[in-house]
Amino acid sequence: MEEIAISVEHVSKIYKLYDKPTDRMKESLGLTRKKLSKDHYALNDLNFQVKRGETVGIIGTNGAGKSTILKIITGVLNPTSGAVNINGRISALLELGAGFNMEYTGIENIYLNGTMIGFSKEEIDAKMDDILKFADIGDFVYQPCKTYSSGMFVRLAFAVAINIEPEILIVDEALSVGDVFFQAKCYKKFEEFKKAGKTILFVSHDLSSISKYCDRVVLLNQGTKLAEGAPKEMVDMYKKVLVHQLDEENMNDEETESFENESGELWKAELELNPDIQEYGEKQAEIVDIAVMDENGHITNVLEKGSTFSVKMKVEIKSELNDPIFALTIKNLQGTDITGTNTFYEGIDTGTIKAGETRVITFKQRLDLQGGSYLLSFGCTGYIAGEFHVFHRLYDFCNISVVSNKNTVGFYDMNSEINVSKI
C-alpha cells in the first residue's frame with residue numbers, strides 16, 4: 001500500500017456570523033437563549049488524501065475553501081470537526097514572510113523560520129549558502145527586514161521556505177512572486193522538488209501550472225469537494241462549474257439593468273468586496289454601485305482569460321456637471337497600475353448632466369491579463385471653471401481572479417502566432 005503523506009478526514013470549518021457586534025457578546029456571555037448567529041461553512045465534510053511523492057492541486061472559485069484547508073493542514077487554523085493527519089515535515093508557502101520579525105536581520109529570520117519548521121541550527125547552517133544564493137539580495141541580508149523593499153522581502157521569504165528541503169511542500173499562489181527571472185528560478189526549484197519525489201500540495205488560479213505540474217486535482221466549491229481526478233478533466237469541469245454557478249444566480253440582462261437582484265440587493269452584493277476600500281472626493285457625483293460581468297452577463301469576481309467581460313459603474317449626479325470623466329483602473333496586488341481607461345481617453349463626450357440624474361457607464365473589453373488576482377479602482381472626475389476636481393474615487397474596490405490555461409511572460413498576453421519553418 002502506498003504511504004499517505006496527507007490525510008484529510010471529514011474536515012469542517014464553521015464560522016459564526018452575526019448581524020451586530022453586540023449579538024456576539026450577548027451569545028458568548030449567555031445573555032440570551034435565542035441563537036443570534038448564523039453558521040457559515042468555509043469547509044463542509046471535506047475528505048481527500050495525498051500520497052507520498054504525489055503533486056496534488058486544489059482549484060475552485062474564491063470562497064471555495066482552498067486557502068482554509070491549506071491553513072488547517074499547516075496548523076494555522078484548527079478545524080471545527082474532523083481530522084488532518086500529516087506524515088512528514090512541512091514547509092508552507094502561504095503568506096510569505098508571515099513568521100518574520102521585521103526588527104530582525106535577514107540572517108536572524110532565516111534561523112527563526114528554520115527553527116519554527118523544526119530544523120536544528122546545524123541543519124540551517126548547511127542550507128545557508130543555498131538560501132542566500134537563491135534570495136540574491138546581497139548584504140541586505142545583514143540588515144533589519146524593516147529596511148527591505150517588498151521585492152527583497154518576498155525573495156528572502158521564498159528562499160527560506162523552499163530551500164529548507166521539506167518532505168511536504170504546501171504552495172498557495174506563491175510561485176508568481178518577484179520579477180520574471182525570479183519566477184523562473186522558483187518554477188525550476190519547484191520542478192526539482194517533483195523530480196526528487198517530494199510531496200506537493202498546490203493551489204493556484206493559473207490552470208496552466210495546475211495542468212503542467214499536478215498528478216491529480218481536487219475541485220472545491222463553496223467548501224465541499226465536487227470531484228477529484230486527472231488535471232485536464234478537473235480543469236474542464238472547473239470551467240463548466242464557473243458557468244453553472246453563475247447561472248444559479250438567476251441573473252439575466254433585464255434583471256441586471258434594474259441594479260438589484262431578486263432580494264433587492266445592489267449589484268455589488270454579488271461581488272467579493274475589499275473591506276478596506278479607500279475613497280475620497282467632493283461628492284458632486286457619487287459612485288453608488290459596481291458590477292463585474294462575464295461574457296454571459298453574470299456578476300462574478302472570477303473571469304476566464306481570453307473571454308470578453310464588462311464592468312458597470314452606476315453614478316448619481318448631485319450637482320450639475322459638464323463632461324464628467326468616468327474611469328476604470330486595473331492594478332496588481334502590489335499596487336502597480338496594469339491598465340485602465342476613461343471616457344476622456346476614449347474620446348467620449350459625456351455632455352451636461354443635471355443634478356438628480358443617474359448614469360451607468362459600461363467598460364467592455366477582452367481579458368488578456370495573465371492568470372492571477374487583480375484589483376479594480378473607479379473614479380469620477382472633471383473640470384469646474386477650468387480647474388480639475390475629483391468628484392468621487394474608489395480605490396481597490398474589489399478584486400477579479402483570472403483563470404488561465406496558458407500564461408506568457410509579464411502582465412498580459414500578446415496572443416502571438418508563432419510559426420517555425422524548416423529552410
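Residues are numbered from 1 along each chain as its sequence is written, and side-chain values use heavy atoms, with hydrogens and water left out. In this predicted model, local features need pLDDT of at least 70 and side-chain atom pairs count only at pLDDT 80 or more, while totals for chains, interfaces and linings use all residues.

**Exercise 1. State the mean pLDDT, and find where pLDDT stays under 50.**

Solution. 
- Start with the term: pLDDT is the predictor's confidence in each residue, from 0 to 100.
- The protein has a mean pLDDT of 86. A value of 70 or more is reached by 91% of its residues.
- Residues 244-259 stay under 50. For this stretch the model has 30 contacts beyond four places in sequence. Contact means heavy atoms within 4.5 Å.

**Exercise 2. Describe the largest nonpolar core, then look at Y148.**

Solution. 
- A nonpolar core is a set of buried Ala, Val, Leu, Ile, Met, Phe, Trp, Tyr and Cys residues joined through side-chain atoms within 4.5 Å. Buried means under 20% relative accessible area, exposed over 50%, partly exposed in between (1.4 Å probe, protein chains only).
- The largest core has 48 residues. I59, I110, Y148, L156, F202 and Y238 touch the most other members.
- Helix 5 (residues 150-163) gives the most to this core: nine residues. Helices (H or I, at least four residues) and strands (E, at least two) are DSSP runs, numbered from the N terminus.
- Now take Y148, leaving aside neighbours within four places in sequence. Y148 is in contact with G106, I137, F140, V141, Q143, F153 and L156.
- Another core lies apart from the largest one. This other core has 34 residues, among them L271, V292, I317 and L328.

**Exercise 3. Give the order of the open three-stranded sheet and explain why strand 2 and strand 4 stand at the edges.**

Solution. 
- Two strands pair if DSSP finds at least two bridges between them.
- The order is 2-1-4, with antiparallel pairing.
- Strand 2 (37-51) and strand 4 (81-86) each have a single partner strand, so one side of each is left without a neighbour in the sheet.
- Neighbouring strands are turned by 20° against each other on average, direction ignored. Axes are lines fitted to C-alpha atoms, for helices over the stretch in contact, and angles run from 0 to 180 degrees between N-to-C directions.
- Strand 1 (residues 4-18) and strand 2 are joined by eleven bridges.
- Helix 1 (residues 21-28) lies across strand 1 and strand 2, at about 110° to strand 1.

**Exercise 4. Work out why strand 20 is largely enclosed, and list partners with their directions.**

Solution. 
- Strand 20 (residues 387-403) has 13 of its 17 residues buried, so the rest of the structure largely encloses this strand.
- Strand 10 (residues 278-280) pairs with strand 20 in the antiparallel sense over three bridges. E279 stands opposite L394.
- Strand 12 (residues 302-304) runs parallel to strand 20, again with three bridges. E304 has V403 as its bridge partner.
- Strand 19 (residues 372-384) runs antiparallel to strand 20, with twelve bridges. S373 faces S401.
- The hairpin of strand 19 and strand 20 has two residues between the strands. There A385 takes a positive phi near 55°.

**Exercise 5. How many disulfides are there, and is C398 buried or exposed?**

Solution. 
- A disulfide is a pair of cysteine sulfur atoms within 2.5 Å. The structure holds zero.
- For C398, the nearest cysteine sulfur is that of C380, 17 Å away.
- C398 is buried, at a relative accessible area of 1%.
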